[in-house]
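User: Hi! I've got a structure I'd like to walk through with you, a bit at a time. Can you take a look?

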Amino acid sequence: MSDLQLPEWLADLSMKVRNKIIRLCDKTVLCIASGTRGPLTENQVVTALEMRRAVVLHDERPGHYWVRGSDSSFLDRIRERGLPGFSARQIDRNEEEWVRLAGIIGDSLGLRNVSGPFQPQTSVEHHPDDPSTSGSAQLQVAENVESGSSGGESTHASTAPPPEERPRKRQRVDHEVSTTNSADKKRKQRKQRRPPLDIIFARLPPELVVRILELCFKDEASCEEHNFILEELASQGGRCLQALEGISSLWTRITSTSPKAHIDMALQLSQQHQLRIEGGPNTSLGDAVNVQDLGRFLRDTDPHRNRWGYVELRFPSAMLRTVKKRFSSPAPNLERLSLSMTDAALPLNVALHEEIGRPLDILGGRSDKLQRVLLKNIPCVWDPSPFTAIIDLALMNGVHLHSNRLIDFLRHSSNLQSIRLLNIKFIGGGPQVLDERIPLPHLRVLVLAELIESVGLDNLFISLDAQNCVHTRLDIRPGGAAMIHPAFQQRVATTVKRVLALGKPSFLLFRSTNGTQGASWRSRDGGDGGRNEEDPSFEFSFRGAGEAFAGFFCDLVRRVRERIGEMGEMGEIVVDVGDTISGTIDEPLGLEDQIIPTLLPSLFAQLNVVEVRAVVVAGFLGLFKHMLGPVESEGWCFRALRTIRLRAIPPLEMTVLPDPSAQCSLDDLIDHIRREHDGIDLKEAKPEDGPAMTIALKGWFGIPTETGLALEKGDVLSGIKIDHTEATLEYVRVQEQGKEGGG
């Protein structure tokens, strides 16, 4: 398909409909599930990518889905974030997969009338004798799906023109439908005459048959995809099956979702090759059946443990004891182990409560080849110290450790490249700051997060000497004590300096949730889709309470920048306060003895803030104005400020209304900025050499009619540029005693 040779059914459609389908194909990605998972839903895509709408089309192959988003940034977002549990890629037009995708989209729009694996996903019916359901209806359905409309909505009744109004259109469409049906018949006839693989392979040398079969598999394919192709080819029988049985390397991927007969055959035909084993519960089955099936799967693969190379097992809590027993014996060639309990958040029965805090013996504590370990949701005590060959360690959600054993492991694991510790628990107290730091010269990824309670990970962070670490993330609570520790500040400065050398801005984020204040300093914006994964990155997040929390955080940022020197002082900063000063939450953040919940402008003094972002309530910008300052005798603290981004909260999303004292219009905010930032009143002419300022609006904002008319003449208002491309501006009438909405 180097020249985009279209399938006959697609080529026979009108150019307008055909081009619409091609554009939809270009906006669609193939998502393949990794391991055993439930069906991918539109809600999962919308939540993961933070989009308005998504379309998910099912493929005939298990675990394969075609996904398209309504937002223009869909492709960038899925490349940047991905979908948890799925591998995603865009299909080129020169791939055979593109033909499959076009067929699935055609079926979902009711544009292809074939029997087979592709089933229509819409309720739009196609009647060759009814012009109201032909070409124009097809095109309307395509337009609806491309814009995010549901495929299940019938649209032809309201959009098709009356037959008597367009007779020529009806003739052309009838001819198009007739041609399409004729092409379908020809294609079915060719399919019936197509010889089976056994006949084709009989004409080829055996070594060529083997090479053809090997090319059907890709190394990056998931185990389920690999085994699906293997089972499909094996079902051909004859020479195809005979050739497959002779390629032992194709039978090394063992999954619990495969039929038992296929598992037994794979274990036998793989001979002495290293095995990749993946097991997990089937979401369509009950717990009892899953426990039985996974137990059988472990029993079947256990005799081959000397050939285990990669094992990934997801299991229900009812199997915890069984899993602990199975993995307590050595597996001398195991290089990668991933164990995850799937229902750890649910109440455990009495028998399982007894397992909490008990030892977890992995491989009898003996393995010279184990390099990558992930333990998740397993509330048992594990000792990593014997496994000094590990280069990638991830312990998450409830795994118990002795701090001295962890320190011993780190001291003897000089080849460690990645360590992730999230929500772990220490037995007998957390780690303390060490007098002699632990050298980890090869460490590139460091993630330490205590999202539930403080366990001393800040002390561990100070005690590590990882000069070559590329990606650092630290999330601790409470963070006040750590932020004022000199050794901690120096450690942060070492990490930040490497990133600021790239000349990119860093980001300060403030949040307030359920009485807990959160603040983070990170090197990447949440919506930065063009970032390079090879570039260094950092994220330091702190959680705490009390009036001084925000002050501690900003003081940490200032002290770190001072330690870095000129590079730190000149580095640009973007401040994002979210909705903390919108007036829609009751929790004050960082302002002492004040009724209005806001952030003191002095917190940002000496910081090179070039952009401020906030979520606000239209007409109640007073809290944001107070943050910009000045307050009493304080001066303007945002000398480098160039951009202000305001996103209005939709009225239906507000649970608490701002206090009336916070009323402030957009005009008032602009007047405040001009007086305090530029030193001039709203009516005065702005000096031509004055600093440029932009206010970007998003969402609904009410503005006086006079202001709206001024914006219609240009995007500059009183010398400040107003970017309202993503905003809805509604004119309101201003009266002496207040404002009232106008049409």
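User: How do β21 and β22 pair, and over how many bridges?
Analyst: In this predicted model, strand β21 (residues 573-576) runs parallel to β22, and four bridges join the pair. One point to look at is I573, whose bridge partner in β22 is V609.

User: And which way does β22 pair with β23?
Analyst: That pairing is parallel too, with six bridges between β22 and strand β23 (residues 643-648). If you want a residue pair to click on, V615 stands opposite R647 in β23.

User: How many residues of β22 are buried?
Analyst: Eight of the eight, covering residues 609-616, so β22 is largely enclosed by the rest of the structure.

User: Remind me, what holds strands of a sheet together in general?
Analyst: Backbone hydrogen bonds, and the strands can pair either parallel or antiparallel.

User: Which strands make up the open sheet, and in what order?
Analyst: Four strands, in the order β2-β3-β1-β4, and their pairing is antiparallel.

User: Zooming in on β2 and β3, how many bridges join them?
Analyst: Five, with β2 and strand β3 (residues 64-69) running antiparallel. Within that pair, A54 stands opposite G69 in β3.

User: Which helix packs on that sheet?
Analyst: Helix α3 (residues 42-49) does, touching β2 and β3. The direction of α3 makes about 135° with that of β2.

User: What's going on with phi at E50?
Analyst: E50 has a positive phi of about 55°, although it is not a glycine. You'll find E50 in the loop between α3 and β2.

User: Is E50 buried or exposed?
Analyst: Exposed, since its relative accessibility is 55%.

User: Which loop is N377 in, and what is its phi?
Analyst: N377 is in the loop between β9 (372-376) and β10 (392-396). Its phi is positive, at about 65°, and N377 is not a glycine either.

User: Buried or exposed, that one?
Analyst: N377 counts as buried, at 15% relative accessibility.

User: Switching to helices: at what angle do α20 and α21 pack?
Analyst: Helix α20 (residues 486-500) and helix α21 (residues 549-564) pack at about 65°, and their axes are 8 Å apart. That angle makes α20 roughly perpendicular to α21. As for handedness, the crossing of α20 past α21 is right-handed.

User: Which residues make the contact?
Analyst: From α20 they are P486, F488, Q489, Q490, V492, A493, V496, K497 and L500. From α21 they are L556, R559, V560, R563 and I564.

User: How do those divide into nonpolar, polar and charged?
Analyst: The residues of the α20 contact with α21 come out as nine nonpolar, two polar and three charged.

User: What is the C-alpha separation of N459 and F488?
Analyst: It is 8.2 Å, for two residues that are 29 residues apart along the chain.

User: Is N459 buried or exposed, and what is it in contact with?
Analyst: N459 is buried, with a relative accessible area of 18%. Leaving aside neighbours within four places in sequence, N459 is in contact with P431, Q432 and V433.

User: One more residue: where is K324, and is it buried or exposed?
Analyst: K324 is in helix α15 (residues 320-326), and at 15% relative accessibility it counts as buried.

User: What is K324 in contact with?
Analyst: Apart from neighbours within four places in sequence, K324 is in contact with E355, R358, P359, L360, D361 and C380.

Terms used
Residues are numbered from 1 along each chain as its sequence is written. This is a predicted model: local features need pLDDT of at least 70, side-chain atom pairs count only at pLDDT 80 or more; totals for chains, interfaces and linings use all residues. Side-chain values use heavy atoms; hydrogens and water are left out. Buried means under 20% relative accessible area, exposed over 50%, partly exposed in between (1.4 Å probe, protein chains only). Helices (H or I, at least four residues) and strands (E, at least two) are DSSP runs, numbered from the N terminus. Two strands pair if DSSP finds at least two bridges between them. Axes are lines fitted to C-alpha atoms, for helices over the stretch in contact, and angles run from 0 to 180 degrees between N-to-C directions. Angles under 35 degrees count as roughly parallel, over 145 as roughly antiparallel, 65 to 115 as roughly perpendicular and the rest as oblique. A crossing is left-handed if the near helix is turned anticlockwise from the far one by less than a right angle, and right-handed if clockwise. Contact means heavy atoms within 4.5 Å. Ala, Val, Leu, Ile, Met, Phe, Trp, Tyr, Cys and Pro count as nonpolar, Asp, Glu, Lys and Arg as charged, and the others, Gly among them, as polar.
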